[in-house]
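Hello, and thanks for passing this one along. Please have a look at the model below before you read my points.

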Amino acid sequence: MNFFTQISSRGYLKSFLSVGAIQGGFMALNYLTQILLANHLSVKAYGELTYYLSLINFFVVVVLLGQNGYLPKEIIRLASKGNYVLVRTVMNRGLRNILLMWVLCTVVGFFVVYSELWDVSGQVAGGLAAIVLFLTLGTYRQAIQRAFGQVQISQLPEKVLFAALYLSFLSVTVLGFDCEFTVVELVLLVAVLYLTVQIIGYLLMKKFPVKIPKGLHSVNTDRKPAAPVFFYLMSVIDILDSYLDFYLLEYFAGYESLAVYSISKRVSLLIFTVIYTSNYVLGPEVSKLYFTGQINELQKRVRKAVLLNMALATVFGFLLIVFRTPLLQLFGQHYAAETGFWVFVLLLAAQWVNVTLGAPSQILAATGFEKSVLYVFVVAVIFQLSTGWWFIGNWGITGMALLFLINSLYWNGALQIIMVKKTGVKLLF
């Protein structure tokens, strides 16, 4: 099969459902794990663990240097022109750079810890550094596999396998033997499990080797290759925007408020599974269609994807509102009692906006306009930083949820306007 053979709508739906099933399985296992932890840790300890895990996601993005977004697009662009030697060069150079970046961040991080500029133990810092390395290597592997069509199997180690091992170990030790874990022990446990699944992930990739396709015909798109720096800055600002609400709440309200807010956001993120799955499948297809000049087919594919996202988000949103109380009670009566109705609804509305209008960021990044995405995200971060204290000071976690919704409306709307102008592709009409 030619590398750029058009995938039918049925093929896209099949990929969407398979990736969605993997992501759905991960979400189910992860939620069961969080329910177990929330019920067996103190509110402060659970908030502290949530804070550390959000830092991991941020530093993974910092160390990746934008390779997770840059590699699939650049591999596809170079392969479409027959530059197979450069494909290997790009992959090897990217791996070298992220390893050097991890070493640099680790050295700086331990200096900050041992200089007592950050109040965290050396064990936690070491565990966090190890997790960042393992997740970075896994995400790098996934980026290569996505470019070569291994969309489904690329996610299995980090999603299904890790979540299953984590839940199984905690279930046996906590429920079976009534063990109690500290935050430090949980961080070290996560590090060991991520090391295990990364080894398995690379063994799987060798079993299903990626092969550079031959016989491709170049299509001149009059586009210069994008500099990785913009993918890097975009991904850093994006992850900062995603977790800035956690950092603001930890600073202005403390771990307890962060814990309550994080539970509501975690439940509302059930909707976000839709756009995550859609973008994971759609991203490589956008690059293939755009760089081979199939703009009309790209428009059709985007329109169908958006309609599917909107329908699923609406159904999931309705169900989450109906079953709000029993879902929150799974994490403990404290979280259900402390979570106001409007906190939940505002966070749910923000996720609905992200799902139904969230395709432009992926489309712009996959077609070489990541610089525009970067500018929009920078404004979003500045807006949250400059107003977060006021929203939290006046309305607590409800104010943070409102700010999150306002920010989601801004950047999704702005990116949609830019996408139409830059690519000519429209979401629906």
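Predicted model: local features only at pLDDT ≥ 70, side-chain atom pairs only at ≥ 80, totals over all residues.

1. Residues are numbered from 1 along each chain as its sequence is written, and side-chain values use heavy atoms, with hydrogens and water left out.

2. The chain has 16 helices and zero strands (DSSP runs numbered from the N terminus: H or I of at least four residues for helices, E of at least two for strands). Of its 429 residues, 54% count as buried (under 20% relative accessible area; exposed is over 50% and partly exposed lies in between, with a 1.4 Å probe and protein chains only). Taking contacts between residues at least 6 apart in sequence, 84% join residues at least 24 apart (contact means heavy atoms within 4.5 Å).

3. Do look at helix 11 (residues 295-322) and helix 14 (residues 341-356), whose axes come within 9 Å and cross at roughly 165°. That makes helix 11 roughly antiparallel to helix 14 (the term applies to angles over 145 degrees). The axes here are lines fitted to C-alpha atoms over the stretch in contact, with angles from 0 to 180 degrees between N-to-C directions.

4. Which residues make this contact? Helix 11 brings Val306, Asn309, Met310, Ala313, Thr314, Gly317, Leu320 and Ile321, and helix 14 brings Phe344, Leu348, Trp352, Val355 and Thr356. By class, the contact of helix 11 with helix 14 has nine nonpolar, four polar and no charged residues.

5. The structure holds 18 aromatic pairs (rings of Phe, Tyr and Trp, the last by its six-membered ring, with centres within 6.5 Å; planes under 30 degrees apart are stacked, over 60 edge-to-face and the rest tilted). Tyr251 and Phe252 form an edge-to-face pair, 5.0 Å centre to centre with 90° between the planes. Tyr251 is exposed at 66% relative accessibility, whereas Phe252 is partly exposed at 42%.

6. The ring centres of Phe391 and Trp395 are 6.0 Å apart and their planes lie at 55°, so this pair is tilted. Both residues sit in helix 16 (residues 370-423), four residues apart, about one turn of the helix. Phe391 is buried at 8% relative accessible area, while Trp395 is partly exposed at 45%.

7. One more for your viewer: Tyr51, Tyr52, Tyr247 and Tyr255 form one aromatic cluster.

Key
Parallel < 35°, antiparallel > 145°, perpendicular 65-115°, else oblique. Nonpolar A, V, L, I, M, F, W, Y, C, P; charged D, E, K, R; others polar.
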